[in-house]
Amino acid sequence: MSLSTVSGRLIPRKMLVLVYNDLAPWTDLIIHCKSDDDDLDVQHVAYGKDFEFHFRPNIWGNTLFHCTMKFNRAAYWFDIYVQDRDEDICDQCV
């Protein structure tokens, strides 16, 4: 786990997740991401635009954000950030 020191306390570094809509022209993406602690509300992402969110993973190493994405009358659900899978791969996850 990547930690930094603030006022003598060790805290995980801040993470960024960026979702870019490059599906197809005129195809909108509806995305709803959540963790156990945070609900990021439903976001409408037009073609060529993006949605991003920032957070600090927890010190227990089990932060998880999952998203539902809808486009073209289909819905898909997946884990967009899993701390033990992603924290050493990226701090700006695209």
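1. A disulfide, as the word is used in this note, is a pair of cysteine sulfur atoms within 2.5 Å. The structure holds 2 of them, and the bonded cysteines, numbered in sequence order, pair as 1-2, 3-4.

2. Some cautions come before the details. The model is a predicted one, in which local features need pLDDT of at least 70 and side-chain atom pairs count only at pLDDT 80 or more, while totals for chains, interfaces and linings use all residues. Residues are numbered from 1 along each chain as its sequence is written, and side-chain values use heavy atoms, with hydrogens and water left out.

3. The protein has 1 helix and 9 strands, where helices (H or I, at least four residues) and strands (E, at least two) are DSSP runs numbered from the N terminus. Read from the N terminus on, the elements follow the order β-β-β-β-β-β-β-β-α-β.

4. An open sheet of 4 strands runs in the order β5-β4-β7-β8 with antiparallel pairing; two strands pair if DSSP finds at least two bridges between them. Its edge strands are β5 (39-45) and β8, each of which pairs on one side only. Within this sheet, β4 and β7 are joined in the antiparallel sense over 5 bridges, and C67 in β7 is the bridge partner of C33.

5. What joins C33 to C67? A disulfide does, with an S to S distance of 2.0 Å, and the link is right-handed, with 105° about the S-S bond. Because C33 lies in strand β4 and C67 in strand β7, the pair ties together parts that are 34 residues apart in sequence. C33 counts as buried at 1% relative accessibility, and C67 is buried at 0%, where buried means under 20% relative accessible area, exposed over 50% and partly exposed in between (1.4 Å probe, protein chains only).

6. The other disulfide joins C90 to C93, with an S to S distance of 1.8 Å. The torsion about its S-S bond is about 85°, so this disulfide is right-handed. C90 counts as buried at 15% relative accessibility, and C93 is buried at 10%.

7. Not counting residues up to four places away in sequence, V17 touches several residues, including F53, I80 and C93, a contact being heavy atoms within 4.5 Å.
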